[in-house]
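Hi,

Below it you'll find what turned up when I went through it.

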Amino acid sequence: MRRQELRQIIPLSETTIYEMERRGEFPRRFNLTPRCVVWDLAEVEAWIEERKQAPRKNISGPDVRLRKTRPVRSSSD
């Protein structure tokens, strides 16, 4: 699949995808021709399925104890 097709199913920036590829966390692109870079659709789909099965880590709201200021209430509350 070409870059445009990849971006339609993977909502990440090109920089993020590049960095993930470099770290081995995303399927590697390869040159179809000297001017055409593509990804293997089966590898990308397998990566998506792997992400679906992975347990979510630390999905929670921000730690309010770390904030510098407290929210201000309006006088009508």
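Which residues line the largest cavity? In this predicted model, the lining is made up of Arg3, Leu6, Arg7, Glu14, Ile17, Arg29 and Trp39. Helices H1 and H2 are the elements that each contribute two or more residues to that lining, and H1 gives the most, with 3 residues. Sorted by class, the lining has 4 charged and 3 nonpolar residues, and no polar ones.

As for volume, the largest cavity holds about 40 Å³ of space. With a threshold of 30 Å³ or more, the count comes to 1 cavity.

The other spot I looked at is Ile10. You'll find Ile10 in the loop that runs between helix H1 (3–9) and helix H2 (14–22). Is Ile10 buried or exposed? Ile10 counts as buried because its relative accessibility is 3%, and the cut-off for buried is under 20%.

What does Ile10 touch, leaving aside residues up to four places away in sequence? Its contacts are Ile17, Phe26, Val44, Trp47 and Ile48.

One distance to go with that: Ile10 and Cys36 are 26 residues apart along the chain, and their C-alpha atoms are separated by 19 Å.

Best wishes

Key: Residues are numbered from 1 along each chain as its sequence is written. This is a predicted model: local features need pLDDT of at least 70, side-chain atom pairs count only at pLDDT 80 or more; totals for chains, interfaces and linings use all residues. Side-chain values use heavy atoms; hydrogens and water are left out. Helices (H or I, at least four residues) and strands (E, at least two) are DSSP runs, numbered from the N terminus. Buried means under 20% relative accessible area, exposed over 50%, partly exposed in between (1.4 Å probe, protein chains only). Contact means heavy atoms within 4.5 Å. On a 1 Å grid over the protein atoms alone, a cavity is a set of points where a 1.4 Å probe fits but cannot get out, and a pocket is an open set with protein on both sides within 12 Å along at least five of seven lines; lining residues have an atom within 4 Å of a point. Grid points are joined across faces, edges and corners, and a volume is the space filled by probe spheres set on the points. Ala, Val, Leu, Ile, Met, Phe, Trp, Tyr, Cys and Pro count as nonpolar, Asp, Glu, Lys and Arg as charged, and the others, Gly among them, as polar.
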